[in-house]
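Subject: Model handover and notes

Hello,

Here is the structure we talked about. Please open it alongside these notes.

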Amino acid sequence: MMLKALCLGLLCVIFVSHFYTPMPDNIEESWKIMALDAIAKTCTFTAMCFENMGIMRYEEFISMIFRLDYTQPLSDEYITVTDTTFVDIPVRLYLPKRKSETRRRAVIYFHGGGFCFGSSKQRAFDFLNRWTANTLDAVVVGVDYRLAPQHHFPAQFEDGLAAVKFFLLEKILTKYGVDPTRICISGDSSGGNLATAVTQQVQNDAEIKHKIKMQVLLYPGLQITDSYLPSHRENEHGIVLTRDVAIKLVSLYFTKDEALPRAMRRNQHMPLESRHLFKFVNWSILLPEKYRKDYVYTEPILGGLSYSLPGLTDSRALPLLANDSQLQNLPLTYILTCQHDVLRDDGLMYVTRLRNVGVQVVHNHIEDGIHGALSYMTSPFYLRLGLRIRDMYVSWLDKNL
């Protein structure tokens, strides 16, 4: 009996040491977030164990869990929901049922998931897009781009751009009754990355007739050029998303080769010819002073990877690398960042860069925010934080789109 109690105690100590993350004092519903964080870290730990034992790859296990949360396209009394394709790109389409005397607004949404997981079919994203369509009386399109590592960059960007260009065709806008002057591209996390890159491309392509009125970027990941920003250090073992998991996922966006995440952890992954890009992500200049704190800036070490990956210097993959001339044509932009988020500084630096070239930016910073909060809006894992961010997002769209 004593031995069993001892073993149980040891298991509890191991569990706490592996999965317990101290909660900041300002976190709302801290007990619930602690539980969600423990679940996320347990899944990650299990997936890594399976990968190390050769049972299945990390991303295969996590994808299985994500797919359990997929929904069917169920219409209701207000919204018609259908799964269809835009030039072979799967999308989930939300069309309001009530009659409209004028053309409607439209929102194109890119879901998060680290480029490797997720779908517009996920319960939380289906809920968010349905809510957006109903509240705004707007047409909403959720894009299901191809996922890594089965498909590496630029597949995700190409799918997103193809779907947007198709939707912007005159005949498609007419078909769905959309006002071409009132279209927004939105996305969260890695979906915020795709929303950013696609918007940059659309706004700078002279052949695309209809442009985007605004973009909404919710805790976006916009660069990995410098993998040791202040937010990376503060949230290295952060809530839900740790620095190691973020590096693993973004590495899979480019390659399955384990040499890349190893070099990223040391901040030595950028190629020798990339030094000119560091000015676009220099946090010692671009971050507001309150986020720089007492951290000392050191430039990433070049050439730590034995081969070159073109995607690491491509602004379509890392849109914070876009030069100023590419940014000048961008539309009204709403950026939301979260304090307790490893990706926080990407959004903060983009706010600075856009304002520096004259782009109108609205920035909301959530002091008690965590990464992925929008994934927790439905039972049994709903957070008041997720619902609050939803309401901020939809309310801003309603006033400005």
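Between which two helices does the loop that holds valine 240 lie? Valine 240 sits in the loop between helix H8 (230–234) and H9. Keep in mind that this is a predicted model. Valine 240 is not a glycine, yet its phi is positive, at about 70°. Its relative accessible area is 21%, so valine 240 is partly exposed. Valine 240 is also one of the residues that histidine 371 touches.

That leads to the annotated site.

The unreviewed UniProt entry lists Ser189, Asp341 and His371 under "active site". They span 183 residues in sequence, but no two of their C-alpha atoms are more than 10.4 Å apart, so the three gather at one spot.

Start with serine 189. It is found in the loop between strand E5 (178–188) and helix H7 (190–203). Its relative accessibility is 8%, so serine 189 counts as buried. Beyond its neighbours within four places in sequence, serine 189 is in contact with Gly112, Leu218, Tyr219, Pro220, Gly221, Leu343 and His371.

Now histidine 371. It is placed in the loop between strand E8 (361–370) and H15. Histidine 371 is buried too, with a relative accessible area of 7%. Residues up to four places away in sequence aside, histidine 371 touches Ser189, Tyr219, Val240, Leu241, His340, Asp341 and Leu343. So what joins the side chains of histidine 371 and serine 189? A polar contact of 2.8 Å does.

Over residues 107–257 the chain is 42% helix and 17% strand. The end C-alpha atoms of that stretch are 36 Å apart. Over residues 311–373 the figures are 27% helix and 30% strand. Here the end C-alpha atoms are 28 Å apart.

Next, a helix pair. Helix H4 (residues 123–136) packs with helix H15 (residues 384–400) at an angle of about 35°. Their axes are 10 Å apart. The crossing of H4 past H15 is right-handed. From H4, the residues in the contact are Phe127, Leu128, Trp131, Thr132, Thr135 and Leu136. From H15, they are Leu387, Arg390, Asp391, Tyr393, Val394, Leu397 and Asp398. By type, the contact of H4 with H15 has eight nonpolar, two polar and three charged residues.

Two buried side chains with polar partners come next.

Glutamine 200 lies in helix H7. With a relative accessible area of 4%, glutamine 200 is buried. Its side chain makes a polar contact of 3.0 Å with the side chain of tyrosine 350. Leaving aside neighbours within four places in sequence, glutamine 200 is in contact with Ser315, Pro319, Ala322, Leu327, Leu330 and Tyr350.

Glutamate 59 is in helix H3 (residues 58–67). It is buried, with a relative accessible area of 3%. A polar contact of 2.4 Å joins its side chain to that of arginine 57. Apart from neighbours within four places in sequence, glutamate 59 is in contact with Glu51, Phe117, Pro149 and Leu252.

Glu51 comes up again with glutamate 258. Not counting residues up to four places away in sequence, glutamate 258 touches Glu51 and Lys248. Glutamate 258 lies in the loop between helix H9 (243–254) and helix H10 (259–265). At 33% relative accessibility, it counts as partly exposed. Lysine 248 is 10 residues away along the chain, and the two C-alpha atoms are separated by 8.8 Å.

Last, some backbone points to check on screen.

- The peptide bond from phenylalanine 153 to proline 154 is cis, with omega near 15°. Proline 154 is in the loop between strand E4 (139–143) and helix H5 (155–167).
- The bond from serine 379 to proline 380 is cis as well, with omega near 5°. Proline 380 lies in the loop between E8 and H15.
- Aspartate 88 has a positive phi, near 70°, and is a residue other than glycine. It lies in the loop between strand E1 (79–86) and strand E2 (89–96). Its relative accessible area is 70%, so aspartate 88 is exposed.

Best wishes

Terms used:
Residues are numbered from 1 along each chain as its sequence is written. This is a predicted model: local features need pLDDT of at least 70, side-chain atom pairs count only at pLDDT 80 or more; totals for chains, interfaces and linings use all residues. Side-chain values use heavy atoms; hydrogens and water are left out. Axes are lines fitted to C-alpha atoms, for helices over the stretch in contact, and angles run from 0 to 180 degrees between N-to-C directions. Helices (H or I, at least four residues) and strands (E, at least two) are DSSP runs, numbered from the N terminus. A crossing is left-handed if the near helix is turned anticlockwise from the far one by less than a right angle, and right-handed if clockwise. Contact means heavy atoms within 4.5 Å. Ala, Val, Leu, Ile, Met, Phe, Trp, Tyr, Cys and Pro count as nonpolar, Asp, Glu, Lys and Arg as charged, and the others, Gly among them, as polar. UniProt positions are given in the numbering used here, feature names are shortened, and annotations may be inferred rather than shown by experiment. Buried means under 20% relative accessible area, exposed over 50%, partly exposed in between (1.4 Å probe, protein chains only). A polar contact is a pair of N or O atoms within 3.5 Å; within protein, one must be able to donate a hydrogen and the other to accept it, and residues adjacent in sequence count only if both atoms are side-chain atoms.
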